[in-house]
Amino acid sequence: MEMSIESWFNLHYYGFGHGVDGGGYDDDEEEEDESEEEEPTPKEPIVEVDDREFPFHDDVFYINLKGPRVRTGFDNLPMEVRVAECFAECLQASFDRQQILLNIFRFLNGVDRDAAALTCKRWFDAMGYRDFLDEVCFHFEEVSICDGTPPIALFLRSFRHFSNIKLTRVQFNGYCEFWDVFGEYLREITFCNCITLTKSKLTMILKRLPFLECLALEEADEFFKTWTPVELKRIEPVCRCLRKLALRKSNAFTVDHLYYLVAMGPNISALEISKCLKQIDAPTRVKILTTILTIMKMRKKKLQAVDFSYTMYDDLFLKQFAEIENMSLSQISLSFFERAPIKDPGIIDILRCQSAIVHLDLSSFLNLTDFALIEISTSLRLLKTLKLNGCWLLTDFGVESIYKLDRLQVLDLSDCDKISDRGFMKAIVDRRRDCMSQLYLSMLPGLTDSVILKICLTLLNLTVIDFCGSDCMNDTSVQFLFCYLKCLRILRLNGCVKISDAGLTGENLPVAVIEIWDTQTTFAICELRSLQELQLSGCFKVTDFTLTHAFRFRELRELNLAHCVQISESGIEAMSLNCPALEQIDMSDCFHVNDRCVVALAKNLVRLRSLKLVRLPLLTVASVDALVEYAKALRYINIRGCPKIPKDAPERLKKIATLRNIPKC
């Protein structure tokens, strides 16, 4: 039988067919071969095969074939070991390729990953990665959860699974096979204002979610009112994998409801009760707050995060919170509206005993003082996130202490209107902070443009920056942003009325940002190549010149141009051609926007998903027809206050298959 060239190479490559080192022959046979004198037989010529497929180049193949080969210890191993080693190397190589692909996909948003998943099976399998699934939430709103009606009937024929769903104002009609098919994949579920939800229906659903990790009940007053009485003798189901329980915007739950829900999750590590207890009498509120503290004491060994933001409680609750021993939290969210004692408030005690906090959110904590902020900076040295939005009592004296937090990544000082340049400079600018990525400084009248350059030179790795409503932003300030902060992905400048075309384009500036001898250098906003969100609402000095000459973004997804009254047709057409990735646009109160602008957006922006066109007097039925014809991915639209839009526009817009809301004209 004639041996093929591939088989011949494989035998010789792995050591078979050679008369050296016993490669397949016995010693006696070797001696007999040496004793016998036989005429050398001519070697069989190698016949080249034209249609063969090699995993490497032909030149490399012939070099390996003809040249002497050094035998290694790997060749002397048994065949089973060598095959196992080769298989392990293949698995490792495949694993490395998959990790590279996952790292690349992390830079994409959910829409782009969904499009990339249609390329091949390997890319589709990458979409099943846990982090990617958790980023996508399927929102069922005002539908019937029934097997025979859409959208559930469509999902039952789906070839993919998902891990996060939200149900808003849905109707539950008997038994549904949906939970049996997809229940084992669900990790997070939210029930929002589901009037037909009952205790038995909730029990039936949770029994089919064996790996559920987060349960949220939002606006669930009707649900709690129907769930009476509460039988605590038999708790079902018991969700062993449940890690987070969240109650939001609810006031009708009782002590028994809390005990029952917590008992369902014996391994709960995160408890959220936010925006609750606002419309109940004081004795009932005190009783529920006492129950919350009791639950925290019972679960103090496992509890790691609590969120009581915008929930009504008093300083006594915070005092008792701080008295819980042997509880180490990593995340705390608190908002406080009551009157706190000036001397030794409860928040100080919490900060002293919880030194392991990594994420701290004290937004709208109206009684937070400088001494509390000093305690934060002294005790919480592991802090990465600090949100102090709306803490209006803070001054430079307290803000200066933030310089001690060398691990800080996210800082929010918005609406702390007593902060000035001096306090902020000592807190942030006077120390190297390569790890900081997000900075929120909106509504700060005390900051001036002199601090912007210091921020840009110190926080070079910022990806999110918010200066909404701050007087410090002008044409020179934004030039510093464009020059130094090249990693920006989110830029929010709403209400910065001093910004004009000169600052955004770098043209016609009175003074150049960088001037060396006779060379002057300016910068345009398009140099922020990674920009994904841009907010310019209220910047009324921005005209079509900026949209035409400086709006060239390949990754920009969200754009807010509301109240930019000088933009018109020419600028919007150029923007729609140069920003192809736009998905969300707001052009409310831009009264020069006409039908041609809407046609350009609908034709050129194939990814357009959300469009807000409020109070635009020039729009007519032509805009509606253009959206119906070209906007194939549109999901949300708002066209209120447009007098020339006909009353039958909602019926026309229903023809858009992807539309999720029917606007009221």
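This is a predicted model: local features need pLDDT of at least 70, side-chain atom pairs count only at pLDDT 80 or more; totals for chains, interfaces and linings use all residues.
Good morning. In what follows, contact means that heavy atoms lie within 4.5 Å of each other.

Which residues of α13 are buried? They are Arg285, Ile288, Leu289, Thr291, Ile292, Leu293, Ile295 and Met296. These buried residues pack against α12 (255–264), β8 (270–274), β9 (305–308) and α14 (315–322).

The buried residues of α12 are Val255, His257, Leu258, Tyr260, Leu261, Val262 and Met264. What covers them? The cover includes the helices α10 (199–207), α11 (221–226) and α13, together with the strands β6 (214–218), β7 (244–248) and β8.

Let us now step back to the whole chain. The protein chain has 665 residues, of which 46% count as buried. Its secondary structure comes to 26 helices and 23 strands. If we take the contacts between residues at least 6 apart in sequence, 75% of them join residues at least 24 apart.

Thr476 and Ala512 are 36 residues apart in sequence, and their C-alpha atoms are 8.3 Å apart. Thr476 belongs to helix α20 and is partly exposed, with a relative accessible area of 39%.

Helix α20 brings us to the packing of helices against each other. How do α19 (residues 450–458) and α20 (residues 475–484) meet? Their axes come within 9 Å and cross at roughly 5 degrees. Angles under 35 degrees count as roughly parallel, and α19 and α20 are therefore roughly parallel to each other. On the side of α19, the contact is made by Ile452, Leu453, Cys456 and Leu457, and on the side of α20 by Ser477, Phe480, Leu481 and Tyr484. These contact residues divide into seven nonpolar, one polar and no charged.

The axes of α23 (residues 569–578) and α24 (residues 595–604) come within 9 Å and cross at roughly 5 degrees. α23 and α24 are therefore roughly parallel to each other. Glu569, Ile572, Glu573, Met575, Ser576 and Leu577 of α23 make the contact with Arg596, Cys597, Ala600, Leu601 and Asn604 of α24. Here the division is six nonpolar, two polar and three charged.

I turn next to the aromatic residues. How many aromatic pairs does the structure hold? There are 26 of them. One of these is formed by Phe178 and Phe182: the ring centres are 5.2 Å apart and the planes stand at 45 degrees, which makes the pair tilted. Both residues lie in helix α9 (residues 178–182), four residues apart, or about one turn of the helix. Phe178 and Phe182 are both buried. They also belong to a cluster linked by ring pairs, whose members are Phe138, Phe140, Phe155, Phe162, Phe178, Trp179 and Phe182.

Finally, some details of the backbone. Which peptide bonds can we point to as cis? The bond from Thr228 to Pro229 is cis, with omega near 0 degrees. The bond from Glu236 to Pro237 is also cis, with omega near -5 degrees. Pro229 lies in the loop between α11 and β7, and Pro237 likewise lies in the loop between α11 and β7.

Asn326 has phi near 60 degrees; its place is the loop between α14 and β10 (331–334). Is Asn326 buried or exposed? Asn326 is exposed, with a relative accessible area of 57%. Arg615, which is not a glycine either, has a positive phi of about 60 degrees and sits in the loop between β22 (610–612) and α25 (621–630). Arg615 is partly exposed, its relative accessible area being 45%.

That concludes my presentation. Thank you for your attention.

Definitions and conventions: Residues are numbered from 1 along each chain as its sequence is written. Side-chain values use heavy atoms; hydrogens and water are left out. Axes are lines fitted to C-alpha atoms, for helices over the stretch in contact, and angles run from 0 to 180 degrees between N-to-C directions. Helices (H or I, at least four residues) and strands (E, at least two) are DSSP runs, numbered from the N terminus. Angles under 35 degrees count as roughly parallel, over 145 as roughly antiparallel, 65 to 115 as roughly perpendicular and the rest as oblique. Ala, Val, Leu, Ile, Met, Phe, Trp, Tyr, Cys and Pro count as nonpolar, Asp, Glu, Lys and Arg as charged, and the others, Gly among them, as polar. Rings of Phe, Tyr and Trp (its six-membered ring) pair if their centres lie within 6.5 Å; planes under 30 degrees apart count as stacked, over 60 as edge-to-face and the rest as tilted. Buried means under 20% relative accessible area, exposed over 50%, partly exposed in between (1.4 Å probe, protein chains only).
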